[in-house]
Structures are given as C-alpha cells and as structure tokens.
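Let's take a friendly walk through a protein model, looking at rings and charges. Have the structure open as you read.

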Amino acid sequence: MSHSSFLTFMLLLVQLSVASGGKILVFPLDGSHWVNMKVIIEELHARGHEITVLRPSDSWYIKEKSPLYTSVTLPCRGGFEENFDLEIRLQIKPESFWSNIWTRMQMEWVLLDQFSQFHKKVGDVITHMFENENLMQSLDAAKYDLVLTDPGIGGGAILARKLQLPLVFNVRWTIQGEAHFLIAPSPLSYIPFTATELTDKMTFPQRLKNVLSYFVGKYTLSYISEPAYKPIVQRFFGPDVDYSTFFLDADIWLMRLFEFLRPTVPNVVYIGGFQCKPSKSLPADLEEFVQSSGDHGIVVMTLGTLVSNLPQDISEEIAAAFAQLPQKVIWRYVGQKPNNLGNNTLLVKWLPQNDLLGHPKTRVFITHGGTNGVQEAIYHGVPVIGLPLFFDQPDNLSRIKAKGAAVIVDIAMLDRHSFKDTLMTVIYNSTYGDNMQTLSKLHRDQPVKPLDQAVFWIEYVIRHNGARHLQTHAHKMSWFVYNSVDVFTALLAAVLLVTIIWVSVVRLLWKKIFTGRKIKHH
C-alpha cells in the first residue's frame with residue numbers, strides 16, 4: 001500500500017470511528033412522541049452509537065431496560081402515566097363538551113390546565129436533576145457529544161445548555177408552538193397558524209382569523225410554559241437569562257411533518273415519514289380475519305395512544321355503522337363492548353398499525369389524526385377518515401383533506417347513518433384512493449430516505465461539535481429590527497425632514513418674492 005493510500009485509509013477510518021462511536025444523551029417525551037424517538041434511537045444504535053436515555057420513574061412507554069440504550073431513571077414523576085388516557089377520555093363526553101360553545105371553552109381550559117400541570121412536573125424533573133450533584137457530575141463526566149430531545153417539553157434544551165452540549169431537536173411542536181414560527185419566516189398571509197385548519201390559500205376573513213389565532217395562540221402557549229420553565233432558568237442560569245433562547249439555539253431541527261410549502265432555514269431538516277417502513281406479515285389469527293373479508297377488504301380504526309375508547313353512545317353509533325358494511329373492521333378499542341357490535345368487527349387492545357396499513361386488503365384508515373398515523377397512511381397510500389379530537393390533529397387532517405385524500409367527521413355530529421355514508425364514499429369513490437396514492441409516490445420519491453437524513457445530520461453535529469454555522473441570525477433579532485421598523489422609521493423621518501425643509505424654503509422664497517414685489521410697487 002502506498003503512503004498516500006495509507007493516509008487516505010487512516011483518515012477514512014478515523015472519520016468512521018467518529019461517526020459510529022458517538023455518545024448521545026436523550027431527553028425524550030413519553031407517549032406517541034417516544035414511538036418516533038425510538039425509531040431514531042434504533043438506527044443510531046445499529047450504527048454503533050452509545051445512547052443514554054433519561055426517564056422519569058413514572059414513564060409509560062419508555063422502558064427502563066432495553067438493548068438499544070442505557071437508561072437513567074430519575075426518582076421523580078414527569079412522564080405519562082397509563083391512566084392519562086382515562087383523564088383525556090373523560091373530558092370528551094358529548095354532554096359536557098359538545099353541548100355549546102361555553103362547554104367547548106371549558107374543555108379547552110381543562111386541557112390547558114392539564115398541560116400546565118404536566119409541564120410543571122417536567123420542571124420538577126429538571127429541578128431534581130440540577131439539585132442532584134452526583135447525577136450532574138456523572139453526566140458531565142460522561143462527555144456526551146450531543147443532546148437529542150423533543151422540544152414538546154423544555155427539559156432537554158435546558159439540560160443541553162447546562163452541560164454545554166450541542167442540541168438536536170426531533171420536532172414538530174415546541175413548548176412555544178409550531179417550530180417554524182420560532183425560527184423561519186412565517187407570513188400569516190399564507191402560513192396557517194396551529195389549530196386553525198386553514199390552508200395556504202386564504203380569503204380575507206380566513207387571514208383575519210389566522211392573525212387573531214396567532215396572537216391568542218402565542219399568549220396561550222406562554223401561559224402554559226413560562227410558569228414551568230422560566231423560574232428554573234432564572235434560578236440556575238441567572239435572572240437576566242431569557243429562557244426562550246434555550247430553544248432557539250438548537251443546532252439541527254429534525255422536522256417530522258406534512259406541511260404546505262413555506263420558507264425555511266438551513267438548519268431545518270425535513271424527515272416527515274421517517275418512521276414509515278414496508279409492512280410485515282400479520283399474526284396468523286389477524287391474517288385469517290383479514291383474508292375472510294374477500295374482495296371487500298378491511299377498515300382499520302384507531303385513535304392513538306392517548307384515547308383508546310370513546311363515550312358509550314358515540315361507540316354505539318360507530319359500531320352500528322360498521323355493522324352495515326360489507327367490509328371487515330379491525331378496531332383498537334378498550335372499554336365496554338358496544339351492544340350492537342356487528343359480526344364483521346374485531347375489537348383489539350393493540351394492532352400492528354403499519355402492517356395493517358400496508359396490507360393490500362386495507363381500504364380506509366379511520367384515525368384521530370396523529371402525526372404517526374397520518375404519515376403512515378400517506379406512505380402506504382391509504383385514504384383517511386379523520387375524527388380529530390384535540391391538539392394538532394385537526395391541522396394534520398386538514399392538510400390531507402386539502403389534497404383530496406381524506407374526509408373529516410365532526411365527532412359531535414356523528415351518527416350511524418352519516419358515518420356509514422362517509423365510509424362508503426371514501427371506500428368506493430376512487431378519487432380519495434388515487435389522490436393518496438399520488439401523495440405516496442411523491443413521499444417515496446426522494447434521493448435519501450428520511451431516516452438516513454436524520455441520522456446523517458445527528459452524526460454531522462457530532463463530527464463538527466455542533467452546527468452553529470447553519471443557524472440564521474434572524475431569530476436573535478428583536479421584532480423591531482427583524483421587520484426593519486427602525487430603518488423605515490429613519491427613512492420616514494428623513495423624508496419628513498426633507499419635506500419640512502423644502503416647504504420651509506419654498507415658503508421663505510415665496511414670502512421674499514411677494515414682499516419684494518409689494519415694496520417695488522410702492
């Protein structure tokens with residue numbers, strides 16, 4: 001081997017060791033967000049990275065023992081308990097939530113209070129960590145290369161600042177709202193704000209709604225997050241430190257979303273659908289049930305991790321609609337069995353969602369509109385019927401509806417007849433399936449797989465000890481400077497000054513000319 005070849009080989013070996021031997025500290029969010037994070041962790045582990053996961057003692061999905069990572073269990077409560085599903089479920093009873101606008105507002109207030117309490121628990125976790133000197137010393141001594149976290153909670157960003165480590169977000173939502181509104185240009189004239197269910201083509205009344213929703217939403221989010229995190233930042237970092245900067249300083253934002261076209265910035269990497277993968281074979285009993293549907297195919301329904309069942313009267317209406325279908329139905333449902341459940345409907349406590357969506361006999365997917373389900377439906381080309389309940393679900397579904405691949409049903413107005421009609425329309429009107437197949441082809445036609453993109457940029461941050469060179473300076477500017485209000489004010493002042501001087505000169509000349517003529521006349 002020549003000397004130059006040997007040097008090249010050694011350089012490649014060193015680069016490979018850096019890329020495959022990183023130490024990553026993960027501060028995750030429980031529930032369906034962990035399902036996303038775990039996909040990235042699996043890939044990082046497969047590529048030789050050493051991963052440590054911090055988890056509260058009451059974590060629901062985040063297991064203490066795993067071959068993928070080493071866990072550090074914090075002796076405090078800050079995760080999703082298994083009865084969190086019940087807490088949400090009890091709040092969507094029609095008689096207390098759907099009766100009128102006032103009860104809707106009451107429901108929103110209950111949810112805001114619930115999440116305020118949740119963020120307070122996360123804040124308590126951070127405080128416990130920082131007060132535990134042995135824990136912080138061990139984390140510092142471990143010499144991690146970066147912190148990977150979900151900005152839906154504030155712990156990871158604050159921990160990264162404390163340890164002075166590069167920060168990577170696995171993100172759709174942050175504690176301050178949809179991520180783009182924090183770091184990227186977001187003109188409200190065509191960028192719909194969260195939960196408005198608007199598109200990028202808005203009428204004047206819709207733009208008015210969008211602007212008002214933006215200001216109300218920003219205030220609401222600050223009401224939820226500031227009391228939980230601001231005192232912690234002031235206590236451990238100083239009274240003059242702005243806690244919002246902790247979240248703006250992320251080196252890379254891994255965006256998992258299906259979005260309308262919009263402006264972006266260099267350190268945002270789009271990995272929508274990164275968790276999607278080809279379907280595997282179903283368990284034998286489930287495959288037998290699916291095959292028994294014949295040419296009619298199957299309907300798949302699940303409302304995600306937080307809501308496993310519905311109030312009994314709504315469940316009865318859905319079950320009655322299913323019973324009238326020629327298709328077989330697989331429904332993830334935990335609770336009292338509906339009295340009118342048809343022979344064609346199978347209730348399960350858990351279902352292999354990705355594998356069912358990828359099955360050739362699946363005709364339609366009924367979902368609450370969570371990010372994972374929507375992305376997997378796009379990946380497999382299955383049309384959607386949406387039953388949005390809260391959070392980002394209406395927005396996720398409205399984007400699919402805008403592409404002609406979904407129908408959204410207001411659960412307040414749901415009855416067996418209208419729901420059956422909606423099912424028949426989506427199943428037998430090929431337009432919905434064709435439009436979703438088009439989205440699927442566009443999603444799959446990428447030069448690099450989304451998961452590979454995510455891992456590349458995480459390793460990029462490891463190799464370069466951060467990616468601050470990709471950060472735009474825009475988010476560090478005040479609103480006044482960012483929008484050049486000072487410049488326009490200065491220009492306007494200059495124009496006014498020139499105008500005043502010009503008017504003064506003209507008046508002076510006019511006065512002299514007029515006075516001169518008057519004197520000459522006498």
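## Charges over rings

Lys 23 lies over the face of Tyr 144, at 5.6 Å from the ring centre. Likewise, the charged end of Lys 328 sits over the ring of Phe 289, 5.1 Å from its centre. A charge sits over a ring if NZ of Lys or CZ of Arg is within 6 Å of the ring centre and within 35 degrees of the ring normal.

## About the model

This is a predicted model, in which local features need pLDDT of at least 70 and side-chain atom pairs count only at pLDDT 80 or more, while totals for chains, interfaces and linings use all residues. Residues are numbered from 1 along each chain as its sequence is written, and side-chain values use heavy atoms, leaving out hydrogens and water.

## Rings that pair

The whole structure holds 17 aromatic pairs. Rings of Phe, Tyr and Trp (its six-membered ring) pair if their centres lie within 6.5 Å; planes under 30 degrees apart count as stacked, over 60 as edge-to-face and the rest as tilted.

Buried means under 20% relative accessible area, exposed over 50%, and partly exposed in between (1.4 Å probe, protein chains only). Trp 60 is buried at 15%, whereas Tyr 61 is partly exposed at 23%. Trp 331 is buried at 1%, and Tyr 333 is buried at 5%.
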